[in-house]
Every structure is written in C-alpha cells, then in structure tokens.
Amino acid sequence: MKHVICVHTAMALVEPLTRIFQELIPEVTVNHIADSSLIKEVIANNQVTPAVRRRLLSYYNAAADAGADVVFNTCSSVGDVADYGNQYARIPVFRIDQPMAAEAVQNYDRIGVI
C-alpha cells in the first residue's frame with residue numbers, strides 16, 4: 001500500500017489522521033476528500049440518503065482515479081455505504097470503526113453504543 005485517500009464527513013479529522021498515518025506508516029502518501037455536507041444531510045434526514053450514497057461512491061472511485069490503493073472511510077454514520085463500496089469501487093474501502101467493533105465483540109460480553 002503506497003497511497004491512501006481518506007474520505008471524511010468533517011474537516012476536523014484531516015490533520016489528526018494525517019499525523020497518525022505519518023507516525024505509523026510514514027512511507028504511505030495520504031490525501032483527503034472531505035465533504036461536511038454529507039453528515040449534515042444524514043443528520044437532517046436521520047438516515048443515509050440516496051444522494052449521500054451516490055456522492056460517497058463517486059468519491060471512492062475518484063480516489064481510485066487519483067491513484068489511491070485504498071480508501072479509508074472515517075465516518076461510522078455512513079459505514080453501510082463503505083461496506084457497499086467494497087463491491088462497487090475499484091479499490092478496497094476500509095471503515096474506521098470496523099477494527100474497534102471487531103475487538104469489542106471478541107473481547108467483551110456487553111457493549112454499549114452511544
């Protein structure tokens with residue numbers, strides 16, 4: 001993996017994730033696609049709308065067009081779209097919340113979600 005594009009629904013994660021990638025895997029180039037209108041639309045409609053789904057899927061393929069090896073989807077509110085993105089996009093799409101959820105299920109009997 002040489003090039004990661006992070007897809008965000010908020011600008012606030014751009015800087016911290018850039019720093020984390022630089023610290024943990026400095027040989028990887030990280031770029032970002034951030035669209036804060038996505039989460040606003042999800043919240044306003046209390047669900048992922050078809051328009052949000054279309055925009056995210058287009059961002060995943062735009063990442064592939066830009067030369068990314070993988071997409072790192074950073075918003076758990078649109079995680080189902082990221083899962084579908086693995087069938088639709090030309091490159092793998094990873095969910096930020098997937099490792100945390102897997103660890104919780106494997107190691108704990110009771111899990112709270114806020």
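This report describes the sheet, the helix packing and the salt bridges of a predicted model.

Local features need pLDDT of at least 70 and side-chain atom pairs count only at pLDDT 80 or more, while totals for chains, interfaces and linings use all residues. Residues are numbered from 1 along each chain as its sequence is written, and side-chain values use heavy atoms, with hydrogens and water left out.

Helices (H or I, at least four residues) and strands (E, at least two) are DSSP runs numbered from the N terminus. An open sheet is formed by 4 strands in the order 2-1-3-4, with parallel pairing; two strands pair if DSSP finds at least two bridges between them. Strand 2 (29–34) and strand 4 (93–95) are the edges, each with a single partner strand, so one side of each has no neighbour in the sheet. From one strand to the next the twist averages 25 degrees. Strand 1 (residues 3–8) and strand 2 run parallel and are joined by 6 bridges. C6 has H32 in strand 2 as its bridge partner.

Helix 1 (residues 14–24) packs on this sheet and touches strand 1, strand 2 and strand 3 (70–73). The direction of helix 1 makes about 165 degrees with that of strand 2. Contact means heavy atoms within 4.5 Å. Axes are lines fitted to C-alpha atoms, for helices over the stretch in contact, and angles run from 0 to 180 degrees between N-to-C directions.

Two packed helices are described by the angle between their axes and the distance between the axes. The table gives these values for two helix pairs.

| Helix pair | Angle | Axis distance |
|---|---|---|
| Helix 2 (residues 37–45) and helix 3 | about 155 degrees | 10 Å |
| Helix 3 (residues 50–65) and helix 4 (residues 79–88) | roughly 50 degrees | within 10 Å |

Helix 2 is thus roughly antiparallel to helix 3, whereas helix 3 and helix 4 are oblique to each other. Angles under 35 degrees count as roughly parallel, over 145 as roughly antiparallel, 65 to 115 as roughly perpendicular and the rest as oblique.

Helix 2 contributes S37, L38, E41 and V42 to its contact with helix 3, which contributes A51, V52, R55, L56 and Y59. In helix 3, R53, L56, L57, Y60 and N61 meet V81, A82, Y84, G85 and Y88 of helix 4.

The count of salt bridges comes to 6, a salt bridge being a side-chain nitrogen of Lys or Arg within 4 Å of a carboxyl oxygen of Asp or Glu. R19 and E15 form a salt bridge through their side chains, at 3.3 Å from N to O. These two residues, R19 and E15, are 4 residues apart in helix 1 and therefore separated by about one helical turn.
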